[in-house]
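Dear colleague,

Here is the structure I said I would pass on. My notes on it follow below.

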Amino acid sequence: MIKKTILLFTAIATSLVALAQQPSNITGTTDPAKIQKVGLYKVLNGRLVEIATSTPDSIGRFAFRFTPEYEGLYSLGNGNPQVQQGMFRFYFKSNEDLNINLTKEGYELIGKNSPENEALYAWDKQSKTLHDKGTTPGGMSTYVDFFPEVEEFKGKLDAIKKNVKTKNANFNKFFTELVDYDFAYYAISYLYMPRTAHPSKEEMSDFYSEFNADKYLTTELLKFPYGDRFMANLVYRKVNMASRPSLDQQIATIGPDVLKGQYVLQRLENVRSYSDFQEMNDKYKQYFTLPEQIARAKAVATKLVETKTGVPALQFSYPNIEGKKTSLADLKGKVVLVDMWATWCGPCRAEEPHWERLNEEFKDKPVAFVGISVDQDKPKWEAYVKEKSLKGIQLHAGPSNDLSTGYKINGIPRYILIDKSGNLISADSPRPSDPKLKALLEEWSKK
């Protein structure tokens, strides 16, 4: 009897493993003139990670066959996985079929689909107005019309959750969480989208006045495609961002360490120099408890290794107004401050008085000030340099140049500091208006 029980248990276990490994199929149609590529994504700790892509054929057919790694949400669409516009989520276990018609504005299920995805589809249709208004920048909606919709919809949530009863107990439980999180995400995201009018504290409706961010700042966030995005908004609800709180103050509003790690990584992945990475990583790495979090931090370090203090700086050679080129090699023996700027850049122009002042203060010291323009309109740059009589060595690189690419410069002004031997001091140095830059120039000019 015992032997038979063991054999039966083994057979059941084997069948469950086999079931878990069975692939699922996605069959879709779309307009190939509007959608040229469809991506399939898994949810990994509140973010989307690409699994595969499919190119619609000439009549718009696309398909995926994949084995789900876990039971839960996956996303499909042609949008940006970071902002998640044009991305739609579905529920997979294994051995399921999803039949879908995908548009740029939304989706519809066609043919036979799992009860779980039919339930999600019904919920997405019910909440579409809130979703679209809450997560789409701009639009004609203001809090005057949106807040009453939130309050009215809030009263329907319990009935919506009770009406979903599939044969999948895991999904039924998860669906009640999903409705609560979705609704809160749509409603709270609305506050942080560009609008023509913004409410005062007194104009907030009951949902917002009574909102408890801690209810959602839990590890459940990691199950949702928008987990990271929603977490940032929840922190903003707990701390007054207008007061410019430190990162420490923001992190203190988060309970679970694993979420603190996620929040820090959002910031860490936006640093622009190895030294800034090292400082932040050393301070907060105790919160990186998941293997994927540790891997993300290492990826940032790898990406920024060329910006590490002491590595050879990227070489450059660009022409001045007369067409004569100046290269980094020509400036060996001097500390070099590079200013990546453009005539159309307001913050760049705001730094000009400070740039001019530093030029004067260090004119008798081994420091070279090199302005490198990324202007596309070269004649406009030439006219501006002459009109302003800008100090320092003024060169023109244009919008597509080696420095911008090599140092991943996505915003200007950007200042790069290089030592007398041509090695990097900082790929993202303080601005001329910051006293820290003057201190760095004094320190390195004496070496």
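D180 and K161 form a salt bridge through their side chains, with 3.0 Å from N to O. This is a predicted model. The two residues are 19 apart and connect distant parts of the chain, D180 sitting in helix α6 (residues 169-190) and K161 in helix α5 (residues 157-162). D180 and K161 are both buried.

A second pair of this kind is E361 with K438, whose side chains meet in a salt bridge at 3.2 Å, N to O. Here too distant parts of the chain are linked: E361 belongs to helix α13 (residues 346-361), K438 to helix α16 (residues 435-445), and 77 residues separate them. E361 is partly exposed, at 37% relative accessibility. K438 is also partly exposed, with a relative accessible area of 33%.

K128 and D132 make a salt bridge within one helix, and their closest N and O atoms are 2.9 Å apart. The helix is α3 (residues 128-135), and because the two residues are four apart in α3, about one helical turn separates them. K128 has a relative accessible area of 37% and D132 one of 28%; since buried means under 20% and exposed over 50%, each of the two counts as partly exposed.

There is also a network of salt bridges, which links K173, E177, E220 and K223. Over the whole structure the search finds 28 salt bridges.

The structure has one disulfide. It joins C345 to C348, with 2.3 Å from S to S. The link between C345 and C348 is right-handed, with 80 degrees about the S-S bond. C345 and C348 are both buried.

On the strands: four of them form an open sheet in the order β3-β2-β5-β6, paired antiparallel. The edges are β3 (47-54) and β6 (87-92); each has a single partner strand, so one side of each has no neighbour in the sheet. From one strand to the next, the twist averages 30 degrees. Within the sheet, β2 (residues 38-44) and β5 (residues 72-77) run antiparallel and are joined by four bridges. G39 is placed opposite G77 of β5. Helix α2 (residues 115-126) lies across β5 and β6, at about 150 degrees to β6.

Regards

Definitions and conventions
Residues numbered from 1 in each chain as written. Predicted model: local features only at pLDDT ≥ 70, side-chain atom pairs only at ≥ 80, totals over all residues. Heavy atoms only, no water. Pairing = 2+ DSSP bridges. Axes fitted to C-alpha atoms, helices over the stretch in contact; angles between N-to-C directions. Contact = heavy atoms within 4.5 Å. Disulfide = S-S within 2.5 Å. Buried < 20%, exposed > 50% of the residue type's maximum accessible area, 1.4 Å probe, protein only. Salt bridge = Lys/Arg side-chain N within 4 Å of Asp/Glu carboxyl O.
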